[in-house]
Amino acid sequence: MLSIAASEWLNKQDFMNGLSVNLLGVIEVTLSLLPLVRKAQGHVVHVSSVTSQLSLFGGGYCISKHFLAPYYMSCRRELPSFWVKVTITEPGFFKTNMTNTKKIILRLQEVWNCISSEVKDVYGEKFLESCLKSLKLMEHKCSPDLSLVTECMEYALTACHPRTQYSAGWDSKLFYLPLNYLPTFLVDAFLYLSSPKPAKAL
């Protein structure tokens, strides 16, 4: 399953795989444990991503994280009747299997080899090379300190009055979230100028 790629390179099943894990999987686990959490008057902590608010790349990952937000909101508004607190954490980029660039690059090349010659012609080899180069650079931007995420989760689980939302990582707090509050046309322009262009872009 590849959830980071130009959307036109993927098929419906690629998107379904991402939604199955990142959205439906979270819903299934929450529903299965909710009776116990309700009886204990405990806390529910959902882990999303900064990309839930700011889609940075194509594929199903950002979509799956974005659709987790409304589910979190509905839980947050339904469960206070049972004294259950609900929080969401939105980490930035950390070194995990999700950001394992070697695996992502191998899978991206496999996808490229499978797409039609028409789509390859539209995007071009240079576009693929630029994407691969960006992925290699991403690895150096990811924080190795996962404690920043787990500390947010721990605080949300144990605090008497946890916030409804936590951002983990300095990139999330100082770059991605502020970027999300800028006018849309500025964000679109910034991302457009900093992204690789297809060979036959107009």
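## Burial and position of H43

In this predicted model, H43 has a relative accessibility of 19% and therefore counts as buried, the cut-off being under 20%. H43 belongs to strand 1, which spans residues 43-47.

## Surroundings of H43

Two backbone oxygens lie close enough to the side chain of H43 to form polar contacts, for which the limit is 3.5 Å. The backbone oxygen of A156 is 2.8 Å from a polar atom of that side chain. For L157, the side chain of H43 reaches the backbone oxygen at 3.0 Å.

When neighbours within four places in sequence are set aside, the contacts of H43 are V37, K85, A156, L157, T158, A159 and P162.

## Geometry of helices 1 and 2

Two packed helices are described by the angle between their axes and the distance between the axes. For helix 1 (residues 12-40) and helix 2 (residues 61-78), the axes come within 8 Å and cross at roughly 25°. Helix 1 is therefore roughly parallel to helix 2, a class that takes in angles under 35 degrees. The crossing of helix 1 past helix 2 is right-handed.

## Contact between helices 1 and 2

From helix 1, the residues that meet helix 2 are F15, G18, L19, N22, L23, V26, I27, T30 and L31. Helix 2 contributes Y61, I63, S64, K65, F67, L68 and Y71. Sorted by class, the residues in this contact are 11 nonpolar, four polar and one charged.

Note on methods
Residues numbered from 1 in each chain as written. Predicted model: local features only at pLDDT ≥ 70, side-chain atom pairs only at ≥ 80, totals over all residues. Heavy atoms only, no water. Axes fitted to C-alpha atoms, helices over the stretch in contact; angles between N-to-C directions. Helix = DSSP H or I, 4+ residues; strand = E, 2+ residues; numbered from the N terminus. Parallel < 35°, antiparallel > 145°, perpendicular 65-115°, else oblique. Left-handed = near helix turned anticlockwise from the far one by under 90°. Contact = heavy atoms within 4.5 Å. Nonpolar A, V, L, I, M, F, W, Y, C, P; charged D, E, K, R; others polar. Buried < 20%, exposed > 50% of the residue type's maximum accessible area, 1.4 Å probe, protein only. Polar contact = N/O pair within 3.5 Å; in protein donor to acceptor, adjacent residues only side chain to side chain.
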